[in-house]
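I opened this model today to look up a few points on the fold and the packing. My notes follow in the order I checked things.

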Amino acid sequence: MISKRVGIAPKNDNYARLAAYIADAGHDGEKSLSSWCAGCLGDDDYAAGMEEAVKTQERNPRGGAKTYHMVVSFRPEDEAKLTPEVCKDIEARFAAALGYSEHQRHCGVHKNTANLHMHIAYNMFSIE
């Protein structure tokens with residue numbers, strides 16, 4: 001497993017656009033095997049969680065980064081072990097390690113490259 005932060009220029013920091021990409025919105029699962037959100041008040045309602053994260057960011061107008069985008073790539077031989085529950089556990093561990101356990105986040109597992117990979121968008125502002 002390899003994790004990598006994807007840099008986002010402040011002018012391109014758009015949580016809703018990233019979360020829609022992660023869910024493969026509008027493409028009927030061409031690349032997304034699963035998607036979910038966590039840390040949102042609306043539990044697992046993906047769209048409501050996106051709106052909540054955007055509103056949280058709007059309440060925090062400071063300059064600079066607002067969204068942390070991470071990609072976690074897996075080895076081909078591990079693909080059979082990567083159930084949705086395992087992927088959610090991996091994401092939760094990354095959130096804890098980064099200090100984002102209490103933050104809104106949108107996640108998705110993609111298979112549009114040689115390696116299965118997971119995208120995670122963390123709202124860098126907490127809802128509190």
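Entry 1. I take strands as DSSP runs of E, at least two residues long, numbered from the N terminus. The model is predicted. On that basis I placed His-119 in strand 5, which covers residues 117-126.

Entry 2. Is His-119 buried or exposed? I count a residue as buried under 20% relative accessible area. His-119 has 6%, so I noted His-119 as buried. I then looked up the surroundings of His-119. The His-119 side chain makes a polar contact with the side chain of His-117, at 3.5 Å. I followed Met-70 next. Met-70 touches Phe-94, Leu-98, Met-118, Ile-120 and Tyr-122, among others, again without residues up to four places away in sequence. Which residues have the most contacts inside the largest nonpolar core? I found Met-70, Val-72, Met-118, Ile-120 and Tyr-122, in a core of 18 residues. At least two residues of this core come from each of strand 3 (67-73), helix 3 (84-98), strand 4 (103-110) and strand 5. A second, separate core has 10 residues, including Tyr-15, Leu-18, Ile-22 and Met-50. In soluble globular proteins, nonpolar side chains tend to be buried together.

Entry 3. I checked the aromatic rings and found 3 aromatic pairs in the structure. One of them joins Tyr-68 and Tyr-122 edge-to-face, with 5.9 Å from centre to centre and 75° between the planes. Tyr-68 is in strand 3 and Tyr-122 in strand 5, so this pair ties together parts 54 residues apart in sequence. Both tyrosines, Tyr-68 and Tyr-122, are buried. With Tyr-100, Tyr-68 and Tyr-122 make up one aromatic cluster.

Entry 4. In what order do the strands lie in the sheet? I read 1-3-5-4-2, for an open sheet of 5 strands with antiparallel pairing. Strand 1 (2-6) and strand 2 (32-38) are the edge strands, and each pairs on one side only. From one strand to the next the twist averages 15°.

Entry 5. Strand 2 pairs with strand 4 over 6 bridges, in the antiparallel sense. Ala-38 has Arg-105 of strand 4 as its bridge partner.

Entry 6. Last, I checked which helices pack on the sheet. Helix 1 (residues 15-22) does, touching strand 2, strand 3, strand 4 and strand 5, and its direction makes about 35° with that of strand 4. Helix 3 also packs on the sheet; it touches strand 1, strand 2, strand 3, strand 4 and strand 5, and its direction makes about 40° with that of strand 5.

How values were computed:
Residues are numbered from 1 along each chain as its sequence is written. This is a predicted model: local features need pLDDT of at least 70, side-chain atom pairs count only at pLDDT 80 or more; totals for chains, interfaces and linings use all residues. Side-chain values use heavy atoms; hydrogens and water are left out. Helices (H or I, at least four residues) and strands (E, at least two) are DSSP runs, numbered from the N terminus. Buried means under 20% relative accessible area, exposed over 50%, partly exposed in between (1.4 Å probe, protein chains only). A polar contact is a pair of N or O atoms within 3.5 Å; within protein, one must be able to donate a hydrogen and the other to accept it, and residues adjacent in sequence count only if both atoms are side-chain atoms. A nonpolar core is a set of buried Ala, Val, Leu, Ile, Met, Phe, Trp, Tyr and Cys residues joined through side-chain atoms within 4.5 Å. Contact means heavy atoms within 4.5 Å. Rings of Phe, Tyr and Trp (its six-membered ring) pair if their centres lie within 6.5 Å; planes under 30 degrees apart count as stacked, over 60 as edge-to-face and the rest as tilted. Two strands pair if DSSP finds at least two bridges between them. Axes are lines fitted to C-alpha atoms, for helices over the stretch in contact, and angles run from 0 to 180 degrees between N-to-C directions.
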